[in-house]
Amino acid sequence: MLSRIQFAFTVGYHFIFVPISIGLALMVVFSERRYFKSNIPADKAASNFWIKLFTTTFAIGVATGLTMEFAFGANWADYSRYVGSIFGAPLAAEGLLAFFLESTFLGVLLFGRKKVSRGVYYASAWLVMIGTLLSAVWILIANSWQQTPAGYKIEDGRAILTSFWAAAFNPSFAPRYVHTIVACVIAGCFVVASICAWYLLKKRHLHFARQALVTALVVGLLASAAMPFIGHWHALEVAKFQPVKMAAFESLYDTKASAPLYLFGWVRDHNGDPEVTGLKIPGGLSLMLGLSTSHVVTGLDSVKPQDRPPLQLVFQSYHLMIALSFLFIGVMLLALIMHFLKRLEKARWLLWLLVACFPLPLIAINMGWAATEVGRQPWIVQGLLRTSDGVSPVVSAGEIWATLGLFGLIYLILFIAWLRIFLGIIRKGPDDVVEMLEAERASAQPAPAGAGR
Amino acid sequence: MTLENIWFFLVAFLLTGYVILDGFDLGAGVLYPFIARNEDEKRVVRASIGPIWDGNEVWLVAGAGAVFAAFPMVYAMTFSGFYLAIMLVLFGLILRAVSLEFRHRDKSWSKVWDGAFFLGSLVPSILVGCALGNVIRGVPMNANGDYTGTFLQLLNPYSLLVAVTGLFLIVTHGAAWLALKSEGAMHARAVQYRKITFWVCAVLAIATSVATIATVSRASDNVLGRPLGWCFLVVLLLSLLYTIRQMMKEGAELRSFLGSAVTIVALAGIAAVGNYPEIVPARGTPPETSLTVTNSASGHLTLQVMLIVAIIGCPLVLLYTAYVYWVFRGKTKAADAEY
């Protein structure tokens, strides 16, 4: 249980920074593209600004990601023995095929503006983004395999790979990948939108803010609007391959036709027989999953009580995620309409709303993650290995308490530092173009003639 | 050459790559408070490793991932058995990574980040060697492949000797790097440090060899009984003789840096030959509890698929890593720092 708390805490924390990084990586590519085409200093200043925010966030993402890789062996030794043949491979592949790419070209983005040609620099922005997207492929292959294992056989009490393609493209991988990446794009767009809205409110960097805000609103609306369809695709897959998890999402006990869909509610768990009070659409779940109210949905009664996940947590996080995702569509749509009516900058309440939305997609993402991971309990690999059988036999509770305390302390300090720096960069804003040009002229002068590359 | 053996070699390759590449930037971090005396010099130290340290650390990510995929039993045993040490390495690397990115953006906490950079470099530099010492010496294990000793047993004299040797190797490597990248007063200091620490290294390496022959005869017998072991020994001897001469000279910066890299390769090769075919030998428990290349390996198909991944990935990685080192070649100046 302690290991679970530690893992949940460290992954949840990691998963604040990853979506911001992925979203900002996209923004870096957009702004570098603009600069590459225009070659005007204002676009360079804009791009530098996004790169600063991106790298600050990426640094924490890298550092906390290392924790995750180490935690499998350290806290989950028996799990690692059981799944090493399958689960370890995508982690190693992530390192070799994605992480090297990101990290190496991140160095070029950070230090190489004057050292490489403009084309190479622009290509580096692309390579970093491709690296982050590839990273997510491998990590989500590993995670999806825990949810819907495929392409394996059990030999001597260990899962052994029998088909790489079946294991990699296991049933939940495709919907999960699209769902996660689009969620990260939404999160990135809201980060960008809230920064720009703040500048508009403070009447600073207006040109920069207008330009970036439109990009964020258009991309954000497209991504948010696509989300219900992607989410639905993912839900159909869950209902098919992890019916108990779907039942837990809606806390449906009886396997039955015309199963209800809750908009919100409160679960009272009477020894695994849940009673939900809230607003429901009768037959809604059946309609959603089978396009007919007579569609029979599998309930929690299909498995023994010890094979059911904790209901309240799963129900609430799932419903909060969905409610937030509809809120995102509304906010993005409203802001974009106001923009086209040329009234966005006068609607200060709407700009403040955009600023306030900064953390909401991150909350939605963490809720979605909680729903999917807790919804899989008590299994660490669905149907194969229980979470309680995956922990390290030799790591003592005292050791986990000690490291949990240290993680809490270090992560808190890092969070404060990150927030200070992130907000500091925003407060400072993109470089003033005139100052930037003067600084460049000044630094270019001392270089001896003929020594340049 | 079976698949398991190829993977033993690949894991050794990745981890040696880690020690060589992250080694010099860890070493630079350990030297940082001593060698950089003002803001400009500090900036040069950070900027000299700035563009590349992140990529260097990925060698550890890839190496650990490769152990997980290819030898999951070893991964599970070492990471859970050396739990506190692993967590301390992790905390060190986290603080270090963040301090490098945050230091220049955060003037008011500059002392905090300087301290984090130093400690975050020092702790992994010591503990990685300590873990290696235990892996060479062997640890007590049960039939499930779990470590059965205590944390304090890991801090035995032999492993501590390997840890100190490793630390000095990394520091020398870091000093050689800084001599290569810096100019002026700091360059002179780096050359000075490089001379002293390399002598300490040479003495410690001999002490470790003697200690290995005396207390871990399995490893020394393996090295002395195999042609490959002798090859690495000859390489070690030649590289020590060559590198000592380069390290003492001023102006032989690249040659001394490459010399210390070759020394690391030779030492890593000796350690790998000494352990093979065991990866983690049992000590004090029945020999069948040892984790060997065969009994700890992953499924056959996994090794095959991962080999394809490695064949595609490794050359690409080496290619663009070399490119980035080429881009950032030459002396680092304070003005090259982050914007």
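## Getting started

A residue is called buried if 20 or more other C-beta atoms lie within 10 Å of its own, exposed if 12 or fewer do, and partly exposed in between, with C-beta atoms placed from the backbone. Helices (H or I, at least four residues) and strands (E, at least two) are DSSP runs, numbered from the N terminus.

This is a predicted model, in which local features need pLDDT of at least 70 and side-chain atom pairs count only at pLDDT 80 or more, while totals for chains, interfaces and linings use all residues. Residues are numbered from 1 along each chain as its sequence is written, and chains are lettered from A and ligands numbered from 1 in the order in which they are written.

Let's begin with helix H7 of chain B, which covers residues 157-181. Its 25 residues reach 36 Å from first C-alpha to last, close to the expected 36 Å (1.5 Å times one less than the number of residues). Because 21 of the 25 residues of H7(B) are buried, this helix is largely enclosed by the rest of the structure.

## The nonpolar core

A nonpolar core is a set of buried Ala, Val, Leu, Ile, Met, Phe, Trp, Tyr and Cys residues joined through C-beta atoms within 7 Å. The largest one here has 271 residues, and those touching the most other members include A:Ala92, A:Cys196 and B:Ile86. Helix H3 of chain A (residues 77-111) provides the largest share of this core, 22 residues.

## Where the chains meet

Two residues are in contact if their C-beta atoms, placed from the backbone, lie within 7 Å. In this model, 60 residues of chain A are in contact with 60 residues of chain B. H3(A) gives the most to chain A's side, with 23 residues. That side has 34 nonpolar, 20 polar and six charged residues; here Ala, Val, Leu, Ile, Met, Phe, Trp, Tyr, Cys and Pro count as nonpolar, Asp, Glu, Lys and Arg as charged, and the others, Gly among them, as polar. A:Ala92 touches several residues of chain B, among them B:Ala66, B:Phe68 and B:Met306.

## Backbone details to look for

Most residues other than glycine have a negative phi, and most peptide bonds are trans. A:Asn39, in the loop between helices H1 and H2 of chain A, has a positive phi of about 55°. A:Asn39 is exposed, with 10 other C-beta atoms within 10 Å.

The peptide bond from A:Gln377 to A:Pro378 is cis, with omega near 5°. A:Pro378 sits in the loop between helix H12 and strand E5 of chain A. In chain B, a cis peptide bond joins B:Tyr276 and B:Pro277.

How values were computed. Lists of a residue's contacts leave out its neighbours within four places in sequence.
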